[in-house]
Amino acid sequence: MKKRILAALAGLSAGLLFCGCDSPESAFDEWKDAILDGKIDKANARTVETSHVLNGIIVQSLKRDDKARGDFRQLSVVDEKTDGNRAVLKIKDAAGHVTDFDMIKEDGRWKVAPRK
């Protein structure tokens, strides 16, 4: 009986881990980590296509400026408002300023969609 319960709990845990885990905040964090790691392809997977060039520019800029890199590392989500396939994240920077980041859900995945 214990084995069945443990197996059921393991299955439930795996299900929670692999389904429904994509959120605007997790997409933003994945994008930020990819930028910090210099993985442009991974960052591109978390942004809308029109922002792919911008990802490369950010990566190159952060490679040349340690302070900017440290400031970028400190970006954090302080609020999230979701409405269907759109969301707005409030992102706090190192200086404590809060900026809105638009997010769009494309093909079932949340992506950063900078304002024009």
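Predicted model: local features only at pLDDT ≥ 70, side-chain atom pairs only at ≥ 80, totals over all residues.

Biologist: Which residue in strand 3 does Leu89 stand opposite?

Modeller: Leu89 has Phe101 across from it in strand 3.

Biologist: And the sheet as a whole, what's the strand order?

Modeller: The order is 1-2-3-4, with 4 strands in an open sheet and antiparallel pairing.

Biologist: OK, so which strands stand at the edges?

Modeller: Strand 1 (76-83) and strand 4 (109-112) do. Each has a single partner strand, so one side of each has no neighbour in the sheet.

Biologist: How much twist is there from one strand to the next?

Modeller: On average, 30°.

Biologist: Switching topic: what lies in the loop between strand 3 and strand 4?

Modeller: Asp107 is one of the residues there. Its phi is near 50°, which is a positive value, and the residue isn't glycine.

Biologist: Why bring that up?

Modeller: Because most residues other than glycine have a negative phi.

Biologist: Is Asp107 buried or exposed?

Modeller: Asp107 is exposed: the relative accessible area is 81%, and the cut-off for exposed is over 50%.

Biologist: Let's do helices. How do helix 2 and helix 5 cross?

Modeller: The axes of helix 2 (residues 24-37) and helix 5 (residues 66-73) come within 10 Å and cross at roughly 160°. Angles over 145 degrees count as roughly antiparallel, so that's what helix 2 is relative to helix 5.

Biologist: Left-handed or right-handed?

Modeller: The crossing of helix 2 and helix 5 is left-handed.

Biologist: Which residues meet there?

Modeller: From helix 2 you have Trp31, Lys32, Ile35 and Leu36, and they meet Arg69, Phe72 and Arg73 of helix 5.

Biologist: Zooming out, how do the elements run from the N terminus on?

Modeller: They go α-α-α-α-α-β-β-β-β, which is 5 helices and 4 strands.

Biologist: What share of the protein is buried?

Modeller: Buried residues make up 26% of the 116 residues.

Biologist: Last one: what about contacts between residues 24 or more positions apart?

Modeller: Those account for 42% of the contacts in the protein with a separation of 6 or more.

Terms used. Residues numbered from 1 in each chain as written. Heavy atoms only, no water. Axes fitted to C-alpha atoms, helices over the stretch in contact; angles between N-to-C directions. Helix = DSSP H or I, 4+ residues; strand = E, 2+ residues; numbered from the N terminus. Parallel < 35°, antiparallel > 145°, perpendicular 65-115°, else oblique. Left-handed = near helix turned anticlockwise from the far one by under 90°. Contact = heavy atoms within 4.5 Å. Pairing = 2+ DSSP bridges. Buried < 20%, exposed > 50% of the residue type's maximum accessible area, 1.4 Å probe, protein only.
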